[in-house]
Number of protein chains: 2
Amino acid sequence: MAKENQFVEQIADINADFPQWYTDVVLKTKLVDYGPVKGTMVIRPYGYAIWENIQKELNARFAKQGVQNAYFPLLIPMSYFTKEAEHVEGFAPEVAVVTHAGGEELAEPLAIRPTSETIIGTMMSKWVQSYRDLPLKVNQWCNVMRWEKTTRPFLRTSEFLWHEGHTAHVTAEEAEEFTLAMLNLYKEFMETCLAIPVITGRKTEKERFAGAVATYTMEAMMRDGKSLQSGTSHYLGQNFAKAFNIEFQGAEGGLQTAYTTSFGVSTRLIGAIIMTHGDERGLVFPPVIAPTQCVIVPIASRKPGVVEACEALKTKLEENGIRVVLDNTDNSPGWKFNEWEMKGVPVRIELGPRDIEAGKMICARRDTCEKAEYSLENAVESVKELLASVQKDMLESARARRDSKIVYADDMKGILDGVDAGNFVKAGWCGCRACEDKIKEETGATARVFAEGETAETCAVCGKKAEHVIIYARAY
Amino acid sequence: MAKENQFVEQIADINADFPQWYTDVVLKTKLVDYGPVKGTMVIRPYGYAIWENIQKELNARFAKQGVQNAYFPLLIPMSYFTKEAEHVEGFAPEVAVVTHAGGEELAEPLAIRPTSETIIGTMMSKWVQSYRDLPLKVNQWCNVMRWEKTTRPFLRTSEFLWHEGHTAHVTAEEAEEFTLAMLNLYKEFMETCLAIPVITGRKTEKERFAGAVATYTMEAMMRDGKSLQSGTSHYLGQNFAKAFNIEFQGAEGGLQTAYTTSFGVSTRLIGAIIMTHGDERGLVFPPVIAPTQCVIVPIASRKPGVVEACEALKTKLEENGIRVVLDNTDNSPGWKFNEWEMKGVPVRIELGPRDIEAGKMICARRDTCEKAEYSLENAVESVKELLASVQKDMLESARARRDSKIVYADDMKGILDGVDAGNFVKAGWCGCRACEDKIKEETGATARVFAEGETAETCAVCGKKAEHVIIYARAY
């Protein structure tokens, strides 16, 4: 057993040192590596496959909403940022700047996009002439750059990959409705594909996107009780449309200004998956986005017929759209079990001479570690059902864990105790910035999201009448 | 008919002014737009859909070769470029440089990748420890930047999208074999998917990639007889492996240095498709990568049942994997015919009350403009067969046109006359750089590729014994 334990020994104890566990697991499973420039990451094939699965799922959903993919330039003239006052204030400190190109100093420095509202707004103003050109819905999958001081693979890196959707509409109502439709699309995607339950709602003014009228967020609880902002959908009102002249002839004549939105999720989501589902043995991937859904481990593989049976099974599963790997290496079955557990593969099939003779296979689920026998004949149906169960149960289990860690507090001490114990804390808020700032100072927690539809008597900070209920948490 | 002709009037005469025709057609069909920074482009949804189809086709082929997608950082320390002498010489003049980030001047300036051999070499040296780690085959789809003086959408822009594959191998033989396997993969892809015949082979030393031992190219002939380098596969020998220490323990012990390759195609390919197949009416897309494969135009759409029949047909085609659009706008059928012809949709279906009554539909092919009647009942099979015919015939037609424009020359005048008449010209070459330079100076043509397996008596420039036959052409 010594050999087998090597895998668990390679990664820190998830309960004792969660940050170290995270670093160990992302590096050891070859999801990611550090790039040579500080704060950058290399997304290795095992990590990138997750991103490709996320892209596929989101692209299908965007297409149904009439959002079309496009590509806009990486470099944005610095002057564009100054056109929207809040926007430049929010992003200027994080921007990486190109000053030289082609062996010469540039007349105007160019920013590497931290986000593309300004350049897409510029193009929209050219493309939108009449109300008939609206709504205009575009999206791009691209790299963006925000120069961050403290970085961690997937969670916060100076360069990351994301998608950013941008739309323009005739009316405020339509734009606001679309902002919420994207938030709901995200929520459904998070739960269906990543098995991550999220709390959705509006951000406070302090926490909203620089230049937005309203920012809606989805917040997910990680294993340690901290929150991870997993995606945002912004209603931009006419802020960018006015700054970039997105104007059109209305249906009744007369020049009108459009209303715009933007929305995005990033490679952070890979971090969210790891930190929501991982356990002491390593990664646990939800089947829908797992790079490998099923691994076949031959038992007594030198016995005649074993490898052939494994290969036949692999082909059958593959032909039915299951992402399957046959581990035919020289390592012992125990070693393989532990390696593929660390790599988070949802279902493991064990197949040996006795199983083959009996027309059976053994399947082990990664999430619950339960093992059971299935008939080889119905392998495809069984594996598909098992994958569906794992997917569903992972969501329910994450939801139950999260729900057990949402508490209420009436005062500052209650908030501090709550977040210290790894909870999301709901508390009343008067609505003033001073109280919001004070909570951050004294507890390290921030206002993650409005708890929509809930009410409280008093503000947990000043004791005055509460106007809202806020979910506070420490956050990544 | 005046209204219908507007479309053709919008674009320059392809025979009279090919460059203007190109610019007109890419802008009018909304494939692309100019970005705000000089030399940049915005790839609009209709253009980006082609790129997505190219990605899908190539990804499927790469996966079969064991090439896995990954993502490497955009920014590369300037010092990395200097590690391979030829490489820095080739790329330094075109590099865009980040000097400031996060509000501070950087200690070392960072290059925006013009290509990623240096950073991928650095990571490979970390990942490759033993011969068991080889071959290592990675690929990334990303943006790159090369500061160009003269730019044209898709063909040459300061930022463009591409894929770049990078592999490391134990032996020179294996690496060289893989270089050629990728060249052949490209050729098959070009012919099968883009319906573009290509001539593949080695580049002269002058034309090869900065840092390569050998560069293999595929050259395609555009409508005007100019050549477009459509993709390259490089055998890098140990040049980069030595510069970046990609070393490993060999099977028999002892430290060895790997052999590497790289290969790439870019959004240039969209330009190649346009300039190979386009005609006086606009774009002509090969079905495999066409954003829309089939458009349904209702005839007398206000007559009862017409729209319903069109919608039913659309659903049926869609369910069978055909990318189909139903044009239900208020424009006249003639207007629609011309608009969708300009947009290059391979098959147009016309469906009116009489057709429906007779259980028929009319299909028009974009490539030959032939029209024929088909039964509505077998619509799916008929459209599929038609798309397959269009795809096949477009390749044959492009091949015949190209083959008729390959000529031989014995001397400089022959080369000049040949390229002036819009041909590829085959001529003998002694092998010396002076003769190669002289041809460029006097004819504007460059050595595109070695004509493998062909022989000639004398060099067309100096009259000495010819060592090779070269295909000369003017090029994009």
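Modeller: Helices are DSSP runs of H or I with at least four residues, strands are E runs of at least two, and both are numbered from the N terminus. This is a predicted model, where local features need pLDDT of at least 70, side-chain atom pairs count only at pLDDT 80 or more, and totals for chains, interfaces and linings use all residues. Residues are numbered from 1 along each chain, chains are lettered from A and ligands numbered from 1 as written, and side-chain values use heavy atoms, leaving out hydrogens and water.

Biologist: OK, which residue with a positive phi follows H10(B)?

Modeller: H10(B) covers residues 306–319. After that helix comes a residue with phi near 80°, and that's B:Gly321.

Biologist: How wide an arc do the buried residues of H10(B) cover around the axis?

Modeller: B:Val306, B:Cys310, B:Leu313 and B:Leu317 are buried (under 20% relative accessible area; exposed is over 50%, partly exposed in between, with a 1.4 Å probe and protein chains only). They sit on the same side of H10(B), because their arc (from directions between the helix axis and the C-beta atoms) is only 65°.

Biologist: And which exposed residues are on the face turned away from that buried side?

Modeller: Look opposite the buried side of H10(B). The exposed pair there is B:Glu308 and B:Glu319.

Biologist: Now H7(B) and H13(B): what's the angle between them?

Modeller: Residues 172–193 form H7 and 379–403 form H13, with axes (lines fitted to C-alpha atoms over the stretch in contact) 8 Å apart. The pair packs roughly perpendicular (65 to 115 degrees), at an angle of about 110°.

How values were computed. Axes fitted to C-alpha atoms, helices over the stretch in contact; angles between N-to-C directions. Parallel < 35°, antiparallel > 145°, perpendicular 65-115°, else oblique. Expected span 1.5 Å × (residues − 1).
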